[in-house]
Structure formats: structure tokens, C-alpha cells
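Hello,

Here is the structure I promised to pass on to you. Please have a look at it first, and then read my notes below.

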Amino acid sequence: MKFIISGKNIDVTPGLRETVEHKLGKLEKYFTSDTEIIVTLSVEKERQKIEVTIPVKGNIIRSEQVSNDMYVSIDLVEEVIERQLRKYKNKLVARHQEGGNFRQEFFESEYTTEDDDEVRIVRTKRFGIKPMYPEDACIQMDLLGHDFFVFCNAETDEVNVVYRRKNGTFGLIEPEFQ
């Protein structure tokens with residue numbers, strides 16, 4: 001595996017780099033040797049944050065963990081990634097898909113999830129959408145008291161999503177077809 005480790009407001013010391021590579025190196029048994037793991041360490045006030053992104057065949061396995069100690073954040077992110085891998089493995093096995101960056105041993109292992117980790121859609125909602133501008137969609141979202149709102153963008157004629165960010169601002173998600 002190839003580690004790409006960077007820091008924001010923090011120097012990536014050899015000790016930190018070694019800890020990240022050791023902890024996330026445990027995932028090596030699941031991935032091929034050319035898999036890239038992108039790690040970003042950052043510090044904001046008392047918050048020690050680690051973001052890990054692993055691109056795998058059209059999907060992304062990603063986790064972001066925050067704590068008061070960077071080493072605790074590293075431990076947490078490794079646990080979350082492993083849990084995501086169990087879910088992703090079940091999805092691939094259920095659909096009989098090729099694993100891309102995964103080793104064959106990953107599929108052959110008895111490492112499966114319990115029913116609790118299985119993704120289940122429990123409700124489907126249908127509604128008509130009318131063209132509107134993103135600003136209008138934000139107002140509509142506020143009126144409904146939701147954290148996100150799906151709408152047809154009047155400027156692009158595509159389905160978009162506006163959402164409320166943690167800091168109270170708004171975000172816009174636009175599709176990008178590849």
C-alpha cells in the first residue's frame with residue numbers, strides 16, 4: 001500500500017507517520033500493493049482530526065475521526081475503516097462483483113458482518129420536484145426544517161442537493177457524470 005500523509009496546522013513527525021503506517025498497515029491484508037491511502041492530519045484548537053480516503057474501483061472508503069489526542073483519532077479511524085470494509089465486502093459478495101483493489105484472501109476469509117451492520121433501506125419517499133434556484137431551495141429546506149433538500153436546479157436543469165453544514169452555512173451537491 002502507498003501512504004500519502006499530509007498535515008494541516010501540524011508537522012507530520014516521523015513518530016506520527018510511523019504510527020499511521022503501522023495502524024493502517026493492518027489493512028494491507030485486504031488491499032493490493034498498489035492501493036493508495038490518503039491520510040490528512042489536522043489540528044483545530046483542541047481538536048485532533050484524521051481523515052483517511054481509500055479509492056477503490058469506482059467507490060471511496062472514507063473516515064474522519066476527531067478527538068483530543070491524535071493517537072486516539074488514529075485508533076478510531078482504523079476501527080471505522082475495518083467496519084466499512086466488512087460492509088463493503090458483503091455488498092461485493094452479494095452482487096458477485098469484482099473487487100478491484102482487494103486481494104482474493106479478503107473475499108475468502110470468514111470475516112463477515114452480523115445482521116446489525118447490514119445496510120437496509122427502511123423507507124422510500126417520492127415527491128415531485130420543480131425547477132428552482134439553489135438559494136430558493138435553501139429557503140424551502142429551512143421552511144421544512146430539514147438538513148438537506150433535493151431539487152431540480154433551474155440554471156443547469158439537473159437534480160441537485162442543498163444541505164446545512166455543521167457551521168450553519170449551506171452546501172450544494174451537483175452531479176458529475178463520468
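Let me start with confidence, given as pLDDT, the predictor's confidence in each residue, from 0 to 100. Among the elements of the protein, helix 3 (residues 104-108) has the lowest mean pLDDT, 59, while strand 8 (residues 170-173) has the highest, 95. The mean for the protein is 83, and 83% of its residues reach 70 or more.

A word on how to read the rest. This is a predicted model, where local features need pLDDT of at least 70 and side-chain atom pairs count only at pLDDT 80 or more, while totals for chains, interfaces and linings use all residues. Residues are numbered from 1 along each chain as its sequence is written, and side-chain values use heavy atoms, with hydrogens and water left out.

The overall picture

The protein has four helices and eight strands. Here helices (H or I, at least four residues) and strands (E, at least two) are DSSP runs, numbered from the N terminus. Along the sequence the pattern reads β-α-β-β-β-α-α-β-α-β-β-β. Of the 178 residues, 34% are buried, meaning under 20% relative accessible area, with exposed over 50% and partly exposed in between (1.4 Å probe, protein chains only). The protein exposes about 12,100 Å², and carbon and sulfur atoms supply 48% of that; such areas come from the Shrake-Rupley method with a 1.4 Å probe, and for residues only the protein chains shown count as cover.

Four strands form an open, mixed sheet in the order 1-2-3-4; two strands pair if DSSP finds at least two bridges between them. Strand 1 (2-8) and strand 4 (59-67) are at the edges with a single partner strand each, so one side of each has no neighbour in the sheet. On average, neighbouring strands of this sheet are turned by 15 degrees against each other, direction ignored. Angles run from 0 to 180 degrees between N-to-C directions, and axes are lines fitted to C-alpha atoms, for helices over the stretch in contact. Helix 1 (residues 14-25) packs on the sheet, where it touches strand 1, strand 2 (36-44) and strand 3, and its direction makes about 135 degrees with that of strand 1.

Strand 3 (residues 47-56) pairs with strand 4 in the antiparallel sense over nine bridges, and Gln48 has Ser67 in strand 4 as its bridge partner. Both of these residues turn up again around Ser73, which is found in helix 2 (residues 70-95). Leaving aside neighbours within four places in sequence, Ser73 is in contact (heavy atoms within 4.5 Å) with Gln48, Ile50, Gln65, Val66 and Ser67. Ser73 is buried, at 0% relative accessible area.

Strand 5 and strand 6 (residues 148-153) pair in the parallel sense over two bridges, and Pro131 has Cys152 in strand 6 as its bridge partner.

Cys152 is buried at 11% relative accessibility, and Cys138 is buried at 12%. The structure holds zero disulfides, a disulfide being a pair of cysteine sulfur atoms within 2.5 Å.

Best wishes
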